[in-house]
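My notes follow the display.

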Amino acid sequence: MKVKTHIRNMLATATLMAVVTPLWAADPVLVAHKISGNDALGDPGASYWESSKAVKMAMEAQTVATPAQPKVTVTEMSVRAVQNGKFLGLLLEWKDPTVDNLLITDGFGDQVAVEMPVTFKKDDLPNIMMGEAGKPVSVWQWRAPAQNDKDNGKPTTKQLYPNSNYDLYPDQILPAETAKLYTGAQGLGNPVSDGTKSSVMEMVAEGFGTLTHVGDQQQVAGKGVHKGGTWRVAMTYPLDAGNGVQLAAGSETAIGLAVWDGGNSDRGSRKAWASAWLSLKLSK
Amino acid sequence: MAKVYNWHLGREMEYPHEGVRPAKQFGMVLDTNKCIACQTCTVACKTTWTPGRGQESMFWNNVESKPYGYYPLGWDVKILEKLGVQEAGGKIYQGKTLFDAAPDGERILGYLPEDADYAHPNIGEDDSVGLMSQGIHLTMPHMQWMYYLPRICNHCTYPACVAACSRNSVYKRPEDGIVLIDQSRCRGYRECVKGCPYKKPFFNSNTRTSEKCVGCYPAIEGGRQTQCTMTCIGKIRMQGYISAPDKAREDNPLDYIVHVAKIGRPLYPQFGLEPNTYYIPPTHVPPAYLYQMFGTGVEEAIAGYRKAKDDPKLLGALLLFGACKEIIHNFKVDGSHAMGFNEKGEELVRVPLVEPIHVRAAYDEKFQAYRTNIT
């Protein structure tokens, strides 16, 4: 029953896309120049980013798919890229005066995501809105709450609710295996439950509602820092990887961008996005 | 949007997915007249399903005092206010459903509660609608009123949570209609928390996903009724399967109560979700309030309930509430007893329609003591 609805959504989107958005951004091409070294390029504070010319992308309210976010707070994203023959590095910077990294019922986290075709074909790009069947996109998403987990440890209920009190948790009286049954998504290894391993998630999608974490196949890494009212997030991915996104020195691809302001209750499809692909070229 | 038929509304309505009824539909009937808000159901549910970290203020089952009790705070009045005054009409609902009323860019009209709305699960307990002045004595109908409303997930035929989830993480099981959130797929967007008017999906701040009543599906799969039903000391609930009206079976106790005797009413049918828990409305509450909460047909339901003693089948169905732990698929009344049967036709339980009366001598010769009348 969902497939039909899904197809209807896709068709509606395709029609809208054809009318409202060009395929490629009018901005200049983002070039990842080669720098020296063999290490991953995921440090937002590193000096190597200075060798890259930033491309500014306009971020717009996502109003094509439901649920929509008609009012967004982030309107511009700066993107830089470097590579060293072993890794690609991307640096994303945007203005957000507040750090939103605590997840409670009415509290959402700041996030940013990069999307690119798993296999790039210049004349046969996937739908920029989460890819399409047979043309998967890879999505790398950095999340402020996960960064907080990694930097400071995952907040406990007592830290989230200082005045709370609770008699007894299952893990205080039951053997670990039995207590695990009471941990829901965390016990199942859902990556959103625990950011201490990585603040970035690697996912694939073939259309709306299909975004799925790659699990143990994750190759992306990264880090985000907030300074002077600006988020600065670096993500790095291996070149010539056997599986996942196919990237190599001298190759090119297209990247899509999305950003979420937790303070604006952005999450999921309620986000700001760049409505056209940005061309990314990796120098030889 | 697809067109689906909602029998609570007596008409077709728009729904974001194609409407496919499950092979069987999880259902429950609750007699509000018998509930004393002891919260045994709440505790049974809590200890079974939600004692973990991040679930501290999460109650998949709760009992609230109406009209001033709410969990989360103001859940029903807030969405009713957003929906606005609607034209109920007669047998066919003329107003807007929450799907009809969806704002631009949304799939459903909803709201996300504030975190603090969950801080006082038992707020308004026992508060009646007004004060009683000094020296007053009780008259009928009651001058002031309140009643208890026990609530679980309604495992709706057209769930708002399924409609609202942008990740297809929420699904309705084709075999029994139980609505579940896939904890591996959920990313904690809280679209289901926002979309469900009954506010029965909750956000877990430890797992960072949304969680909801699972209809005690492991028990259901084993032919047993839910924890909240089995532990109810007032025997106010019966859990089983409810049919659509055109498929109603007279020998299914839930179908008999809802479709034949018509004394069970859905909770806020105007929202358009076709909820599958049914309430026998409180007999002492003004109809105007009950219309809003249980839709039209409330006065007929109360009248039918008052005459249950004259309808042996209805009486039998009501007496089977809490009579056994297994799900009763069929029931029969043979004149003096009501009998419940499982899916294989095996007798599960037999209850007398009239409890036997034993008259004992006032003086006990054996113990040489006067007996106290305890009935």
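The model is predicted, so local features need pLDDT of at least 70 and side-chain atom pairs count only at pLDDT 80 or more, while totals for chains, interfaces and linings use all residues. Residues are numbered from 1 along each chain as its sequence is written, chains are lettered from A and ligands numbered from 1 in the order in which they are written, and side-chain values use heavy atoms, with hydrogens and water left out.

I looked up the cluster: ring pairs link B:F59, B:Y71, B:Y118 and B:F202.

I counted 24 aromatic pairs over all chains. One of them joins B:Y118 and B:F202, edge-to-face, at 5.9 Å centre to centre and 70° between the planes. B:Y118 lies in the loop between α2 (75–83) and β5 (147–151) of chain B and B:F202 in strand β8 (residues 201–204) of chain B, so the pair ties together parts 84 residues apart in sequence. Helices (H or I, at least four residues) and strands (E, at least two) are DSSP runs, numbered from the N terminus. I noted both B:Y118 and B:F202 as buried, meaning under 20% relative accessible area, with exposed over 50% and partly exposed in between (1.4 Å probe, protein chains only).

I then checked B:Y147 and B:Y289: their ring centres are 6.5 Å apart and their planes at 80°, so this pair is edge-to-face.

Note on methods:
Phe/Tyr/Trp six-rings, centres within 6.5 Å; stacked < 30°, edge-to-face > 60°.
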